[in-house]
Amino acid sequence: YEDGTIWRLYRDGTIRIAGGLVEDAEVVLYTGGEDGLDVSLVGAFQPANPGPEGGEPVHIVIDGLDVRRATVHGDAPRYPGLRAEGMDVVGRIEIEREVRIQVFTGHGHMVAPYPGTTELDQVTVDFTTDRTVGLDTYVEAHRDATRARARVRVTWPDGDDAPPLIVVTATGEPVCAATLAEMGFPVVDRLLGCATGHARLEGPPSELALTAHLDTDAGPLDVRGRLPSEGRFVLEGETGEEGIELSLLVRDAPLVRMRGSARIDLERDPDALSIGEVTLHPEGFSVAGWEVPGLAVHGTLREEGLDIDSLTSEHLGGTVAATGTVAFDGTIDAHVDVDVGDIAGDPNLRRLIPGAHGAARGTIDFHTTAGAVDVDARFSLVFSPFRYGPVRASRLAAHGTVRGPRDRPAIVADGDATALAIFGLAFGSATGHLDGRGTTYEVGVASTGGDDVREAAVEAHVVQRGPRFEIGTRR
C-alpha cells in the first residue's frame, strides 16, 4: 500500500492476518528426516532458502483460519496411505523462527488406509517445529458401534539429536471385533464381541511398548507388547482370576472357560505363510466334557487355526506331549505321547475306563469333528502295573480305538497281559479283547501258564454299577 501499511507491520516484527477462508483444498502429505517425523505440510511454511544466521525472521500470524471440505492424503509419521475427505477445520498458523500449527476443532471422514469410512468426530492439533514442545493431537472417532478416543504426544526430551518420545493413550467405548475385521486388521475376523478399556503406547518410533486393559464380553484381559518399526509385533495377554469364556471371544470355539497367559509374535509381511507364532500357558480347563490339564504350547497361527509345534504338560507325575492342529471351528487332529503315573488321576481316562489304575506309556492319535462333537482316537498304551476292578497285571499292553459321541464313545481294544490275576487267581500270560461303551462291555480273555489256572478262555459281559462290577460269563 502507498501508505506503507505492510512495511509498518514488517518493521514492527509481526504480520497478522485476522482470518482466512480456504474451500475445497487438497493437502498432500509426505514425511522426511532421519526419524521420518518431518511432515511436508510444516515444511511448506518454512523458508526454502534461509538467510544467514543472526537475522530476525519475519513473524506471521494467521488467526481464524477456516478450511472447508478439504481432502488430506499421503503419508503421516508411521501412518502411510492416509486419506481424509470432507475435512472442516478451524485453526491458526504462526510462522517465525519456528512454525506452529493449531487446529482448534475439526471433523471429517477417514477413508484410508482402512477400507470403508471412519467418522472423525473431533480433531484438535497443536504442533510446532520447536522440538522442546513437539506435537499434541487429540482425536475422537466412530465407526458402526465402535467408538474410540486417542491422544498422541511427540516430544524430544533428550534433545534434537536423540530419538523422540511418542506417547499414545487410547480409550475404546467400545471397540468391536467386527468393525476391526472390516477395517482389515489381522486375526480379529476370528474374534467375537466388543471390548471397553484403555491402551497406552510409549517409546521411541523404533520400539513402542504397549500396555492395555480390556473388558471383553468374554472376560477381562491385560495386554502387553512391543511394536517395533521393523520385525514382528509381540503381544502378550493374561486373563483375570475368573478367566475368559472362549466361545464368547473366538468364533466357533467350544464352551470353555480358560485362565492363563498367551503370547503372539505377529508377522508384518502380508505375504507371509502364517499370521505369527503363538505361545500359550493355559491353566487346566474343561472342553466339551473333556478335562485338559495345565499346558505349555508353542505353535504357528494360520487363517484356519493353530498348528501345534509342541505341547507339554506335567501331568500325573509324568509328562504328556503332543503335536497337531486345532482349527477355529473346534476340529482337532493331534498326536499325543504319554508317560504318566497312575491313570486313575486323569478324569478323561477315569470316564473311559472307570476304576482303572496304573502308570501308562504310549501314544494316542486323536481327532474330533467341529465343536468336538464326535471323537475318533487310536491308542497304543502300556500300563505297568495295571489294576481294573478284580483284574490285576504286572504289565498290560493295549491298543484300540475310541469312537463316537464325546459323551458316550465306543471303545474297542485288544491287549496282552503278564502275570494276570482275576479275583486273586493267577492266570499267567493272557490275551484279551474289549468292546463296549459307557459302563457296559463285552470282554474276552484267553490265558496260559498260570499257577492257579493253567489254561483258560472266557467271554464275559461286564457292567459297572458305581464301585461294583457285575460279570456274567458264557464259558
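A residue is taken as buried when its relative accessible area is under 20%, as exposed when that area is over 50%, and as partly exposed in between. In this predicted model, E207 has a relative accessible area of 30% and is therefore partly exposed. The residue lies in strand β14, which covers residues 207–216. Leaving aside residues up to four places away in sequence, E207 touches E202, R226, L227 and P228. With P228, which is 21 residues away along the chain, the C-alpha separation is 4.2 Å, and with R226 there is a polar contact between the two side chains at 3.0 Å.

The protein as a whole contains four helices and 37 strands, and 37% of its 475 residues count as buried. Of the contacts between residues at least 6 apart in sequence, 42% join residues that are at least 24 apart.

A search of the whole structure finds 27 salt bridges. One of them is formed by R69 and D24, whose closest N and O atoms are 2.9 Å apart. This pair links distant parts of the chain, since R69 belongs to strand β6 (residues 59–76) whereas D24 sits in the loop between β2 (20–23) and β3 (26–29), 45 residues apart. With a relative accessibility of 40%, R69 counts as partly exposed, while D24, at 53%, counts as exposed.

A further salt bridge joins R143 and E182, with 3.0 Å between the closest N and O atoms. Because R143 lies in strand β10 (residues 135–143) and E182 in helix α3 (residues 177–182), the pair ties together parts that are 39 residues apart in sequence. R143 has a relative accessible area of 5% and is therefore buried, whereas E182, with a value of 43%, is partly exposed.

The side chains of R263 and E236 also meet in a salt bridge, at 3.5 Å from N to O. Here the link again runs between distant parts of the chain, from R263 in strand β19 (residues 260–266) to E236 in strand β16 (residues 233–239), which are 27 residues apart. R263 is partly exposed, with a relative accessible area of 31%, and E236 likewise counts as partly exposed, at 25% relative accessibility.

Notes:
Residues numbered from 1 in each chain as written. Predicted model: local features only at pLDDT ≥ 70, side-chain atom pairs only at ≥ 80, totals over all residues. Heavy atoms only, no water. Helix = DSSP H or I, 4+ residues; strand = E, 2+ residues; numbered from the N terminus. Buried < 20%, exposed > 50% of the residue type's maximum accessible area, 1.4 Å probe, protein only. Contact = heavy atoms within 4.5 Å. Polar contact = N/O pair within 3.5 Å; in protein donor to acceptor, adjacent residues only side chain to side chain. Salt bridge = Lys/Arg side-chain N within 4 Å of Asp/Glu carboxyl O.
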